[in-house]
Amino acid sequence: MAEVPVFDNLKAVYGEAGESHAKTRYSRLEAAFKKRFGTAPDLYARSPGRVNLIGEHIDYEGYGVLPMAIKQDTIVACRRHGSELVVANINPDKYKEYKFSTDPEQNVDAENHSWANYFLAAYKGVFEHLQSKGGQVPEPVGLELIVDGTVPEGSGLSSSAALVCSSSLAILAALGTPCSQHEVATFTAVCEKYVGTESGGMDQAISIMGAQDIAKLVEFNPVRAEDVVLPKGATFVIANSLTVSAKAETAAARYNMRVVECRLAAMLLALKLGESKESAHKIKTLREVETLLQKHVSGPKGDVSNANAAVVEEHLHEDPYNTEELEKKLGAPLKKLFAGNSSQLRVLEIAESAGGYKLRQRALHVYAEAQRVPQFRDVCNGSASADEKLAQLAQLMDDSQTSCRELYECSCAELDTLIKLSKESGALAGRLTGAGWGGCMVALVPDAQAQHVIEHLKKEYFAGFVEKGKLGKDEAFMSAVVFASRPSSGGAILKLKHL
Ligand code: NG1
């Protein structure tokens, strides 16, 4: 298993083109560290955000996804010192400083959301992982840290994974316990639960395993990544709807609600397909019932997606389910089925007032979206002409967006507008990326049209925000909300000799 890389220079991470900008940023961070802690940091760790090209809301159902790392990242400057954890930010007005004890058993206060909770989740995750590996676990040590993140928050580009992963890498490096990329990708996916969100694992995997110019098909259990080389002639334009999808705060009504809906759909389908109540109650994901679904459908095994869809349509009704009906069908109180998972129990409290559980729609989305991911990879690897490949990828991205909007209901008016504007100015397709309900869209654009699409979005979408004073006038603000991106490199530890 590949180890997390340790570099002594910035070029290795940011490439020739990004080196000088990175130098400015790291120098600023070093100066802030010296000012706050009186000396330079021992080391830096960095991990990037990501854009998911296809495969939305299926990682937590056990299906593969296809993201790429982007150049925006989170850097953590770190020094071993003192007897507590001092977690500061380069932007102290927005993100205040926190001090925690070094006890890995301490609680994360998920009810009171704060940016430093992500750091603490990483801290707990590191120790939990080292304990689970067996052998000598290092004693907790005091740490001083300053965080500098450029992944826009709440935008679907995974600022949370960038923070959890870079913090984990910094803590591991400070403790002197090297880990493989696979280990870090695995435990960081789990430890975000301390912040109160149920994470699927995609963001952490690509943040750690991202590579220059290569997208990845990431699969889970165990987590692994396959290189996918995107066809020539394509640019991905990313635009931030500036509608913040506050994931941790809205988890019960949105993200975690979908996780619960999928599990309920999976349990119900398992029962319908002849499983005993006892074994149906143990089913966690729609992927687990896929084998049962395939067995159930007679005739030749052709399009798995259609077979799955047919069984879902046969057994799950379109009207939302309520608690009473589900408990009757499943033969157990929902609170008992979700016992021990506080984030999911919170969903149960509000589900009825949020309109009930739409099991059929969610399951249909998951099964169809799961098929689009290998199809996207196969198009990239295929022998069609570049133009033909782009047309096929565009179709898959459009289908994904329709499904996210209509079946999974995780798009929003602002994202739909951005997609429409992109397509009318030359994009071949556009879709939300990440959890949705705001955040970013990603558009597939022929290289020659990319600048035109960006200008069109600036004029027709972002100028309005500038006028209302909701976005700064400087070009720097604009280029932070709408930009073209290539796949970038993943998590790394930097022990710089000089800046
Ligand atoms: P965001 O919220 O965009 O970082 C979330 C999940 C992913 C995945 C996507 C939807 C976390 C950390 N990330 O991404 O695992 O499920 O939604 O495809 O929860």
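How many nonpolar, polar and charged residues does the shell around the ligand have? By class, there are four nonpolar, eight polar and six charged residues, where Ala, Val, Leu, Ile, Met, Phe, Trp, Tyr, Cys and Pro count as nonpolar, Asp, Glu, Lys and Arg as charged, and the others, Gly among them, as polar. Keep in mind that this is a predicted model, with local features needing pLDDT of at least 70, side-chain atom pairs counting only at pLDDT 80 or more, and totals for chains, interfaces and linings using all residues. Residues are numbered from 1 along each chain as its sequence is written, and side-chain values use heavy atoms, with hydrogens and water left out.

**Around the ligand**
- The ligand is surrounded by 18 residues, each with a heavy atom within 4 Å of it; the closest are E56, H57, D59, D203 and Y255.
- Helix α5 (residues 202-209) gives the most to this shell, with three residues; helices here are DSSP runs (H or I, at least four residues), numbered from the N terminus.

**Polar atoms at the ligand**
- The R50 side chain has an N or O atom 3.1 Å from a ligand oxygen.
- H57 uses a backbone N or O atom, which sits 2.6 Å from an oxygen of the ligand.
- For D203, a polar side-chain atom lies 2.5 Å from a ligand nitrogen.
- On its own the ligand exposes 440 Å², and the protein buries 98% of that (Shrake-Rupley method, 1.4 Å probe).

How values were computed:
A polar contact is a pair of N or O atoms within 3.5 Å; within protein, one must be able to donate a hydrogen and the other to accept it, and residues adjacent in sequence count only if both atoms are side-chain atoms. Helices (H or I, at least four residues) and strands (E, at least two) are DSSP runs, numbered from the N terminus.
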